[in-house]
Amino acid sequence: MSENLVIVESPAKGKTIQKYLGPGFEVLASYGHVRDLIPKEGAVDPENGYAMRYEIIDRNQKHVDAIARALKKADTLYLATDPDREGEAISWHLHELLQERGALKNKTVHRVVFHEITKRAVQEAIGNPRELAYDLVDAQQARRALDYLVGFNLSPLLWRKIKQGLSAGRVQSPALRLIVEREEEIERFVTQEYWTMTAHNEKDAQAFSARLHTLDANKLDQFDINNEAQATALRERLLQAAQGSLLVTKVEKKQRKRYPSPPFTTSTLQQEAVRKLRFSTQRAMRIAQQLYEGIDLGSGGTVGLITYMRTDSVSLANEAVAELRELIGQRYGSSKLPETPNFYKTKSKNAQEAHEAVRPTSALRTPESVKAFLSEEQFKLYDLIWKRTVACQMIFATFDTVAADLAATAGSFFRATGSTVRDPGFLSVYEEGLDDRENEKDNALPPLVEGERITLLDIKADQHFTEPPPRYSEASLVKALEEFGIGRPSTYSSIISTLLSREYVELEMRRFTPTDIGRIVNRFLTEHFPQYVDYAFTANLEDQLDEISRGEKTWVPVMDAFWQPFHQLVDEKMGSVNRSDVLQSRELGIDPASGKPMSVRMGRFGPFVQIGSKDDEEKPVFASLRPGMKMDSITFEQALELFKLPRHLGENAEGKAISTNVGRFGPYVKYGSEYASLGKQDDPYTLTLERALELIAEKKQKDAEKLLRDFGDGLQVIKGRWGPFLKQGKINAKLPKDRDIDSLTLEECQALIAAATPAKPAKKTAAKKASADEATPVAEAKPAAKKTPVKKAVAKTATTKKAAPKKPASKSSKTP
């Protein structure tokens, strides 16, 4: 019998902790969250103090049952989930579930937290337990309720006004706005031409360059030289004035110091992993979790290699600093140690100083010493964290800088700058990555003395054009989210993955571009819900959640202040906004063949071009946009090309007409009344008859391989993904288990088909027939799509209606 039961979130972490605690302790995992809001309307009840209805997450039901069974044999329960709001909430949810079952009767319950999984940290936490922090639980509950209320109210509005399957989120929507606004800024950008004049010089056989700085006693601005004629004339004039040499009129020498970056927070770790390792934010956090939970180091046993990876703090424990200074002195020499430790101030208002920065649990555990036990990804990330942490406690780097003015004539001079590293300091270990600019290159200068003349080899005039701001990368987007106060570092990777999965944005060359639907959703939200995608409003709400977590505010008034005006606005917009206004079709021109207007717009199945309108006697014709085309940039000429489909290619040997088109499920070949999908390399606009016949032959071959028996009259036994089945028309029927197909009789199969339920017709998207302006942009029937069978939902446990977590009136030694 184990006297003590310890609950952690993951089994990997549990194995490490079990080793540190030894006999008398049993460690089990909750496998993350144990319950969540019911996934339907009414899960949060604003009319009843925002009471929340929860249910156990199906996949974790067995883990909750295992914990309840193990608790029967224990005297004390230690809730040891992660040391943040989410971890506190998981402990609270588990406590509530066990209490409802009566499993906590006569049990002592403790909450313990540790920020690194080392023997010292784990044993110290067990020796110093605390109670559940209800302020943290309240903050997490408020966040969850807000996200639910926004999602369950805004998303249906998007379905009605734009298309099915869309979603809006309290944090996701402002993040989308950032990406769309950057794209619009790029599109509005007007390129400007400018020229620079560079003198190429030589002294004592050493070549160096200098940039024209001042002309006729006026400092040059970027656009003072803005065309080729002006640049050519100025070059000739300066060459004529210089006569092969420049006069050194001023030499200024300085020392510049560069200080190391602070140790990693969650945000800066994600940014550097994206920049330097080319990881996604999600991948970086997954690998960091592995390093935190524990790695088997062979004879050294399993040990957590880094501290908790979800933190806003840049502080380091005193013992960690002492160990770092010892390592730096031994490995890099005492000259690389500052006289006193470097101290970094945490910027985040809500970062608890008890939380440390992300650092190695032991700096003496060098990357090379553990490399053999790590995967390639784990090693790269651990190496990054180790180097950043070591560098943060080293001396600054020192540079010698020189600036020299080289005159061509009175009042006109070039300036040469250069720098050399006097002492690399921390740079000998680590240098922070950059987002959108290159590292400054050293321009080594020869010794220069005021009053001397140096040889001018040539003056070159170089043409340049201004460039628009760069699109966001994952690193720069995370940085922007943090600067605006949108979300929290632990949520950044999920924000990005949601935007990608909803197809609101795409990653092209590791940069984000908004899709057509992303632009429309953003335009709708910024026009009709400006407050709720406002950066300052979103940041202020995050601050209020932080205040709740610190016990400075209660959560229900914060919820009321948000919900009441938001709910009224949603109701108002549901009735006042027209779908056609939201989709904002764009006129492209007049179709030369029909004389009717051509427009581009968003339909229920994506963007399309339409010729004509619903008011015409003849129905409008439609064509879907091709991959890569954008609604905001498609031209009239490109739109005309789309109406070349369907293309008639000819006939097959059976005399069936063959054509190619694009349907709801992609490009296809049609032969008679049957279809064959195009390959990835095939283009319906250029497909040849020969290639179409190949695709048809391949389709027939696949169909023949699927046909196991044919009874005639359309009654067939077909090979399916999960085994053979009977098919006749649109009716499918299961075959008896363990029955040989060859032994089936016609009468048996007819009886099975008769007993089978006919396939239900597809549901209409609306009660009324859609107007022509909202019609699906498909000219003819589509080939059948390959559908993934939907598994029936397992019956859920009875839901539990829970109001806000309440602090107990009196505290017992048995429960927190």
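What follows is a short chat about a predicted model of one protein chain.

User: What should I keep in mind about the model and its numbering before we start?

Analyst: This is a predicted model in which local features need pLDDT of at least 70 and side-chain atom pairs count only at pLDDT 80 or more, while totals for chains, interfaces and linings use all residues. Residues are numbered from 1 along each chain as its sequence is written, and side-chain values use heavy atoms, with hydrogens and water left out.

User: How many helices and strands does the protein chain have?

Analyst: The protein chain has 21 helices and 31 strands, where helices (H or I, at least four residues) and strands (E, at least two) are DSSP runs numbered from the N terminus. Its C-alpha atoms fill a box of roughly 110 × 85 × 55 Å, taken along the principal axes.

User: And what share of the residues is buried?

Analyst: Of the 816 residues in the protein chain, 48% are buried; buried means under 20% relative accessible area, exposed over 50% and partly exposed in between, with a 1.4 Å probe and protein chains only.

User: Let's go to helix 1. Which of its residues are buried?

Analyst: In helix 1 (residues 11-21), the buried residues are Lys13, Gly14, Thr16, Ile17, Tyr20 and Leu21. Seen down the helix axis, they fall within an arc of 165 degrees, so they line one face of helix 1; the arc is that of the directions from the helix axis to the C-beta atoms.

User: What covers them?

Analyst: The cover includes strand 1 (4-8), strand 2 (25-29), helix 4 (119-127), helix 9 (281-293) and strand 13 (302-303), with contact meaning heavy atoms within 4.5 Å. Just after helix 1, Gly22 takes a positive phi of about 75 degrees.

User: Switching to His63: buried or exposed, and what does it touch?

Analyst: His63, which lies in helix 2 (residues 61-71), is buried, with a relative accessible area of 15%. Not counting residues up to four places away in sequence, His63 touches Ala29, Ser30 and Tyr31.

User: How do helix 6 and helix 15 cross?

Analyst: The axes of helix 6 (residues 172-188) and helix 15 (residues 516-528) come within 10 Å and cross at roughly 110 degrees. That makes helix 6 roughly perpendicular to helix 15, given that angles under 35 degrees count as roughly parallel, over 145 as roughly antiparallel, 65 to 115 as roughly perpendicular and the rest as oblique. Residues making the contact include Leu176 and Val180 of helix 6 and Val521 and Leu525 of helix 15.

User: Last one: how do strand 27 and strand 28 pair?

Analyst: Strand 27 (residues 707-712) and strand 28 (residues 715-720) pair in the antiparallel sense over four bridges, and Asp710 stands opposite Gln716 in strand 28. Their hairpin has two residues between the strands, and there Asp713 takes a positive phi near 55 degrees.

Terms used. Pairing = 2+ DSSP bridges. Axes fitted to C-alpha atoms, helices over the stretch in contact; angles between N-to-C directions.
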